[in-house]
Amino acid sequence: MSICNTTPSSLSGSTAKTWIVHGLLAGAAIAVAIGGRAYHLSRSGRFRSRVIGVIPARFASSRFQGKPLVHILGKPMIQRTWERANLATSLDYLVVATDDENIAECCRGFGANVIMTSESCRNGTERCNEALEKLDKKYDIVVNIQGDEPLIEPEIIDGIVKALQEAPDAVFSTAVTSLKPEDAFDPNRVKCIVNNRGYAIYFSRGLIPFNKSGKVNPQFPYMLHLGIQSFDAKFLKIYSQLQPTPLQLEEDLEQLKVLENGYKMKVIKVDHEAHGVDTPDDVEKIESFMRERNLS
């Protein structure tokens, strides 16, 4: 029996309409050298065709202990995330990677694939890498799906996978959406800026770009990072071996280590009302959001 109570209803809601910021670079089915390291074709002859989704989930969180098991309108949050992610058409396999047996038992109870990982993983990316190493089958792309995004749209997952497949000079892809003015100075809402070709320039917990007035410019299209990200599988192994970088440590944002080491990161923009759960107060907010829209 599962340790967490679940209900048979599935999460419903409007499908997010995914669109690209500045257009994706046309991909080519060729091996491309990135940073002196070669990235390969899959056996099928298609570039980065084999895709795995990993949902990292740990019990010990400094901001919200036991967050994956908190109930969102009657279902554990990790179950809601799994159900949404499982609808993505680009994933060949989906698994929860956790270091906690309670989370593992809960996930098995609603039918999720589970792999146990070490408590020593410092972040979700390292947990994804360990999970990948423990699996027998090889994959070309690893999608890190945040377990605290219970309303994640499967189209967003498919969008960042496509972005990485079509940008052979990138090793990482992620998604952003419009930032709400009230979230401009919230350090839990990570902001992003990109260049004219749709590649990430920087991520910050502060408001970027900043201006002389120090106030939100209502005319500027600020972008909120959604947290979901995909890696070239070979780069994921390299990433885990890279030493922490100054900007990464200062902002406490692991994606900055990618940029500081000179790798490229593709960004897509999506139309998504972001409702991640960072603190206990966010639970009530997301439940209110779901009730207003008749989501179950």
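These are my notebook entries on one predicted model.

**Ground rules.** I worked on a predicted model, so I took local features only at pLDDT of at least 70 and side-chain atom pairs only at pLDDT 80 or more, while totals for chains, interfaces and linings use all residues. Residues are numbered from 1 along each chain as its sequence is written, and side-chain values use heavy atoms, with hydrogens and water left out.

**Whole chain.** I looked up the secondary structure and got eight helices and 14 strands. Helices (H or I, at least four residues) and strands (E, at least two) are DSSP runs, numbered from the N terminus. Of the 296 residues, 55% count as buried. I use buried for under 20% relative accessible area, exposed for over 50%, and partly exposed for in between (1.4 Å probe, protein chains only). The accessible surface comes to about 13,500 Å². Carbon and sulfur atoms hold 49% of that surface. These areas come from the Shrake-Rupley method with a 1.4 Å probe; for residues, only the protein chains shown count as cover. I then took contacts between residues at least 6 apart in sequence: 71% of them join residues at least 24 apart. Contact means heavy atoms within 4.5 Å.

**Helix α3 against helix α5.** At what angle do α3 and α5 pack? I found about 120 degrees between α3 (residues 124-134) and α5 (residues 233-241), with the axes 10 Å apart. Axes are lines fitted to C-alpha atoms, for helices over the stretch in contact, and angles run from 0 to 180 degrees between N-to-C directions. That angle makes α3 oblique to α5. The classes: under 35 degrees is roughly parallel, over 145 roughly antiparallel, 65 to 115 roughly perpendicular, and the rest oblique. The crossing of α3 past α5 is left-handed. Left-handed means the near helix is turned anticlockwise from the far one by less than a right angle; clockwise would be right-handed.

I listed the contact next. From α3 come Thr125, Glu126, Cys128, Asn129, Leu132 and Glu133. From α5 come Ala233, Leu236, Lys237, Tyr239 and Ser240. By class, I read five nonpolar, three polar and three charged residues. Ala, Val, Leu, Ile, Met, Phe, Trp, Tyr, Cys and Pro count as nonpolar, Asp, Glu, Lys and Arg as charged, and the others, Gly among them, as polar.

I followed Thr125 of α3. Thr125 is buried at 0% relative accessible area. Leaving out residues up to four places away in sequence, Thr125 touches Asn144, Gln229, Phe231, Leu236, Tyr239 and Glu254. Gln241 in α5 is exposed, at 65%.

**Helix α1.** How many residues of α1 (residues 77-85) are buried? I counted eight of the nine, so α1 is largely enclosed by the rest of the structure. Among them are Met77, Trp82 and Ala85.

**Asp278.** I found Asp278 in the loop between β14 (265-270) and α8 (280-292). Asp278 is buried, at 11%. Phe64 is 214 residues away in sequence, but 7.1 Å away C-alpha to C-alpha.

**Backbone checks.** Most residues other than glycine have a negative phi, and most peptide bonds are trans. I noted a cis peptide bond between Ile208 and Pro209, with omega about -5 degrees. Pro209 sits in the loop between β12 (200-204) and β13 (223-232). Arg48 has a positive phi near 50 degrees. Arg48 lies in the loop between β3 (37-39) and β4 (51-57), and is buried at 1%. Asp252 also has a positive phi, about 55 degrees. Asp252 lies between α6 (246-251) and α7 (255-260), and is exposed at 57%.
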